[in-house]
Amino acid sequence: MKDNEQETKLLIITGMSGAGKTVAVQSFEDLGYYCVDNLPPALLPKFLELMKDSTNNIHKVALVMDLRGREFFDSLFEALDTLGRENWLQEHIIFLDAKDETLVSRYKETRRSHPLSVGGLPLDGIKQEREIIEELRGRSQRIIDTTHLKPKELREKIVDLYADESQEVFSVHFVSFGFKYGSVIDADLVFDVRFLPNPHYIAHLQPLTGLNPEVSSYVFKWADTQEFNEKVLDLLKFMLPQYKKEGKSQLVVAIGCTGGQHRSVAITEYFTKQLPQYVTHITHRDIDKRKGH
């Protein structure tokens with residue numbers, strides 16, 4: 001057992017190529033797992049040594065192991081045999097599967113070749129793969145059939161099965177920014193508040209930021225600000241449940257003014273406090289840019 005006496009969860013995600021391992025590992029990443037895609041099984045013992053190190057703070061790990069590492073499968077079985085003797089480790093194998101015709105259809109949709117049938121028929125590669133990993137399927141603690149599951153439904157199933165009871169998967173990340181420094185490229189929603197009165201032109205407010213109560217009071221005293229806040233908040237309260245239902249794990253909402261120092265900062269702080277039912281994060285991207293310049 002590690003010095004901190006917290007048991008480590010190790011999930012091994014494997015199964016048929018095309019059955020949804022990429023969606024699965026992304027889902028576990030959203031659940032707070034440290035994820036490694038396509039770890040060669042021969043490296044598993046070394047990885048376990050790193051996990052056992054009491055100086056790290058990693059307690060939930062998900063590893064994807066698939067046919068791309070088929071030459072190492074003997075090493076995998078040897079490593080799996082040792083896992084049960086590790087009292088600090090809770091090991092769990094998830095095998096993703098789907099009917100042959102479904103896998104063939106998915107390969108045709110993506111126009112990708114099966115790793116075992118390069119230049120040949122996908123079905124031939126699928127049948128060969130089944131033979132290779134059949135033993136691993138039998139050693140799995142959970143088999144998930146994705147034949148009739150869309151990616152969103154697979155994500156929801158994994159969340160239902162593996163999310164901690166108190167864990168909130170969906171979060172909203174608010175970002176304030178200045179248009180003069182460029183937009184937020186990874187934003188899902190962008191709101192432009194440059195139409196509001198600018199504290200920059202008030203001499204004693206100019207060196208301050210939207211985190212200052214005097215600046216925020218100036219920004220919020222205008223009827224246009226109050227109406228904007230009301231309308232956007234109403235829009236967010238409608239849209240956020242829809243994004244969450246769609247399977248999105250995080251929504252990035254960017255609010256921009258000219259320099260990212262006054263208006264956008266104050267309004268971003270306001271919205272973060274208006275959504276207590278969601279996990280929220282906040283970043284003021286450009287709040288110190290002018291000072292730094």
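Predicted model: local features only at pLDDT ≥ 70, side-chain atom pairs only at ≥ 80, totals over all residues.
Residues are numbered from 1 along each chain as its sequence is written, and side-chain values use heavy atoms, with hydrogens and water left out. Local features need pLDDT of at least 70 and side-chain atom pairs count only at pLDDT 80 or more, while totals for chains, interfaces and linings use all residues.

**View A. The largest pocket and its lining.** The largest pocket holds about 580 Å³ of space. A pocket is an open set of points on a 1 Å grid over the protein atoms alone, where a 1.4 Å probe fits, with protein on both sides within 12 Å along at least five of seven lines. The volume is the space filled by probe spheres set on the points. The lining has 25 residues (an atom within 4 Å of a point). Ser17, Gly18, Ala19, Gly20 and Arg112 lie nearest the pocket centre. α1 (21–30), α4 (100–110) and α6 (151–162) each give two or more residues to the lining. α4 gives the most, with 6 residues. By class, the lining has 9 nonpolar, 8 polar and 8 charged residues. Ala, Val, Leu, Ile, Met, Phe, Trp, Tyr, Cys and Pro count as nonpolar, Asp, Glu, Lys and Arg as charged, and the others, Gly among them, as polar.

**View B. α1 against α6.** Helices are DSSP runs (H or I, at least four residues), numbered from the N terminus. The two axes, lines fitted to C-alpha atoms over the stretch in contact, come within 9 Å and cross at roughly 45° (angles run from 0 to 180 degrees between N-to-C directions). α1 is therefore oblique to α6. Angles under 35 degrees count as roughly parallel, over 145 as roughly antiparallel, 65 to 115 as roughly perpendicular and the rest as oblique. Val23, Ala24, Gln26, Ser27, Phe28 and Asp30 of α1 meet Pro151, Leu154, Arg155, Ile158 and Tyr162 of α6 (heavy atoms within 4.5 Å). This contact has 7 nonpolar, 2 polar and 2 charged residues.

**View C. α8 (residues 223–246) against α9 (residues 263–273).** These helices pack at an angle of about 40°, with axes 11 Å apart. α8 is therefore oblique to α9. Thr225, Phe228, Asn229, Val232 and Leu233 in α8 meet Ile267, Tyr270 and Phe271 in α9. By class, 6 residues are nonpolar, 2 polar and none charged.

**View D. α7 (residues 213–220) against α9.** The axes come within 9 Å and cross at roughly 85°. That makes α7 roughly perpendicular to α9. Ser216, Val219 and Phe220 of α7 make the contact with Arg263, Ala266, Ile267 and Tyr270 of α9.
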